[in-house]
Amino acid sequence: MTELLPATPEQIAYAADILRRGGLVAFPTETVYGLGANAFDEQAVQRIFAAKGRPASDPLIVHLSKAEQLELVACSFPDIVHTLAGKFWPGPLTLVLPKRENISDAITAGLPTVAVRVPAHPIALALIEAAQVPVAAPSANRFGHTSPTTASHVWHDLAGRIDLILDGGPTSLGVESTVLDVVSTPPRILRPGGVTREMLEEVLGPVSLLVPSKNRSDSLPSPGLLEKHYAPHARLLLFTGDNALALMAEEAQAARQAGQKVGALALDEQADFLEQHGLLVYRLGHDVNSAARLIYAGMRWLDRQHVDVILCCDFPESGLGLAVRDRLRRAASKIIHQD
Ligand code: TXA
Ligand code: MG
């Protein structure tokens with residue numbers, strides 16, 4: 001049975017107790033909800049994979065309550081680690097570092113590295129602090145589905161499969177942390193996220209960016225990144241280029257004629273036009289920051305309206321746009337481009 005409780009101090013203490021006893025607790029972070037287990041309890045970690053239906057080849061992020069605990073999980077620190085931790089922790093930056101021996105292969109999927117972050121959310125920090133152990137936590141969704149940004153999203157995906165969901169309201173950032181490999185030179189972004197490339201480059205100089213591929217035969221530096229992921233149940237079509245809005249209207253008309261229900265994820269400035277063309281629009285607010293916060297909720301909402309297809313316009317690469325574009329590309333069944 002899964003309990004859903006408000007994240008009061010008493011319930012956080014209760015949740016920490018569940019973690020120490022090997023249970024699974026979903027909790028809010030500033031990015032998305034995480035599904036936590038005691039990182040030092042291998043059986044508990046295995047339970048995360050079972051609850052999510054996640055393949056063992058996809059490694060987990062270990063969450064700490066302070067940077068000083070890094071020595072518990074990682075064994076060597078390139079110089080830039082202290083700079084990055086000082087500047088961006090607590091926050092949406094995950095560092096990939098050489099792991100300590102006590103970190104199980106279950107967490108790292110057999111890799112010699114471990115991914116670590118200190119989340120910027122008072123409930124997450126209080127929970128990790130009270131549990132007194134590092135907390136391994138992927139996003140708290142069924143594998144391949146969109147990440148959860150509210151407790152009810154977690155409930156929808158994982159009720160009956162985990163022990164407790166701590167409800168701390170909607171998350172503020174809405175997209176996952178940036179995963180940065182600091183072992184390679186220059187440092188390499190494996191997954192764009194809440195700490196933007198521009199923010200990192202201001203501190204580090206040039207950083208490289210792993211270009212994702214859907215070709216599974218490629219070598220996989222960050223295994224979870226290369227599959228269809230973050231996806232709604234409806235087919236998502238992503239439109240790029242100057243003509244995107246007009247193409248969306250055309251596509252909607254064709255789909256409706258074929259008897260399909262058509263939804264859209266759109267910025268406020270695009271929404272009126274699309275509604276006039278008969279699309280069911282979930283509004284993403286007025287800029288890329290609100291879009292990041294709302295995009296997963298929007299995919300889930302449109303699924304609940306039983307649309308057959310979701311149309312979405314692409315975002316520019318700057319700032320959080322890089323992360324939003326990345327998630328849309330992984331979620332998309334098809335990218336439609338025409339200048
Ligand atoms: O914002 C977030 O990062 C959220 C919250 C809960 O902290 N967590 C999250 O976890 O998104 P998850 O498991 O959904 O994504 C973790 C990503 C995966 O793409 C995984 O492949 C990558 O981090 N990763 C984990 N360990 C790694 C490692 N040792 N080397 C390379 N990539 C790694
Ligand atoms: Mg995930």
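First, a term: domain bounds here come from an automatic or database domain assignment. Keep in mind that this is a predicted model.

So, which domains does the assignment give? It gives domain 1, residues 3-209, and domain 2, residues 235-337. Their C-alpha centres lie 29 Å apart.

Now the interface. On the domain 1 side, 25 residues are in contact with domain 2, and 14 residues of domain 2 take part. How do we put a size on that? The size of an interface is often given as the accessible area lost when the parts come together. For domain 1 and domain 2, the buried area is about 1,500 Å². Carbon and sulfur atoms give 59% of that area. Which residues of domain 1 lose the most area to domain 2? They are Thr146, Val175 and Pro192. Together they make up 33% of what the domain 1 side buries.

Next, a pair of helices. Helix H10 covers residues 288-304, and helix H11 covers residues 321-331. Their axes come within 9 Å and cross at roughly 25°. Angles under 35 degrees count as roughly parallel, so H10 and H11 are roughly parallel to each other. The crossing is left-handed.

Which residues meet there? From H10, we have Val288, Ala292, Ile295, Tyr296 and Met299. From H11, they meet Gly321, Val324, Arg327, Leu328 and Ala331. What kinds of residues are these? The contact divides into eight nonpolar, one polar and one charged.

That's the tour. Questions are welcome.

Note on methods:
Residues are numbered from 1 along each chain as its sequence is written. Chains are lettered from A and ligands numbered from 1 in the order in which they are written. This is a predicted model: local features need pLDDT of at least 70, side-chain atom pairs count only at pLDDT 80 or more; totals for chains, interfaces and linings use all residues. Side-chain values use heavy atoms; hydrogens and water are left out. Axes are lines fitted to C-alpha atoms, for helices over the stretch in contact, and angles run from 0 to 180 degrees between N-to-C directions. Helices (H or I, at least four residues) and strands (E, at least two) are DSSP runs, numbered from the N terminus. Angles under 35 degrees count as roughly parallel, over 145 as roughly antiparallel, 65 to 115 as roughly perpendicular and the rest as oblique. A crossing is left-handed if the near helix is turned anticlockwise from the far one by less than a right angle, and right-handed if clockwise. Contact means heavy atoms within 4.5 Å. Ala, Val, Leu, Ile, Met, Phe, Trp, Tyr, Cys and Pro count as nonpolar, Asp, Glu, Lys and Arg as charged, and the others, Gly among them, as polar. Buried area is the accessible area (1.4 Å probe) that two parts lose on being put together, summed over both.
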